[in-house]
Amino acid sequence: MPAAVRVNTWLVAENILDGAPRNACPPIAPEPGYTSLFDGTSASLARWRQAGPGGFVHAPDCTLRSYGGLGLCWYDQGFTDYILKLDWKLAGDDNSGVYVGFPNPGDDPWVAVNEGYEIQIDATDGPERATGAIYGFQSADLAARDAALHPPGRWNSYEIVVRGQSIVVRLNDTEINRYVNTDPARMRAPGYIGIQNHGNGDAVSFRNIRLKELPAGTAPTTGAAVPAESDPPPR
């Protein structure tokens, strides 16, 4: 049975629950300019924390797989302007999300819900609550999303660009959403990032979580171009 890791300091040190051993996983090297936040290894879990019930299993395939909930696995460092990349996979009709722009939540996952934004992972909900949406606020471009989306059982990649109050979401190298926050209670920098364990029966896997901090600059406004990785950096 894989080790169920409630990712907090007192369990990360052992990476053991119910006597299950550590997983021996080779690290995934990030692209130049990126820092790995989770590279598949047990050691890379040291700065992750779990808020709320449930958690994540550090599975034998070196991924994190959600169970129980509603909870939030969050990285214990705040960021301002950055590009966040990660891979995720649904087993079936499952639910999860990636949170950005929230303050330190401690043990309360609802801090991320109420003071940040969730980039949704759920293939079958309504437009503002399905994959690629800024959950509850703005649907993804459904035509672009559906053309890019891989079905359950296959890996998908998110690239999430946060600059000032702007969030740009790319799915498998295709831009599918662009949102500008206007709520002063959300997106207060520096903000934290996290992944959601939604509830019983929802098993979503994550791997290769990495981040590149961007130089401070003028935040894009609605309709302004946010460069893809292959584009030259802003001046």
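These legends describe close-up views of a predicted model. Local features need pLDDT of at least 70 and side-chain atom pairs count only at pLDDT 80 or more, while totals for chains, interfaces and linings use all residues. Residues are numbered from 1 along each chain as its sequence is written, and side-chain values use heavy atoms, with hydrogens and water left out.

View A. Strands are DSSP runs (E, at least two residues) numbered from the N terminus, and two of them pair if DSSP finds at least two bridges between them.

**View B. Strands 8 and 13.** Strand 8 (residues 96-102) and strand 13 (residues 192-197) run antiparallel and are joined by four bridges. Val100 has Ile193 of strand 13 as its bridge partner.

**View C. The disulfide of Cys25 and Cys62.** The structure holds one disulfide, a term for a pair of cysteine sulfur atoms within 2.5 Å. The sulfur atoms of Cys25 and Cys62 lie 2.1 Å apart. The torsion about their S-S bond is about -95°, so the disulfide is left-handed.

View D. Buried means under 20% relative accessible area (1.4 Å probe, protein chains only). Cys25 is buried at 12%, Cys62 at 17% and Cys73 at 0%.

Definitions and conventions: Buried means under 20% relative accessible area, exposed over 50%, partly exposed in between (1.4 Å probe, protein chains only).
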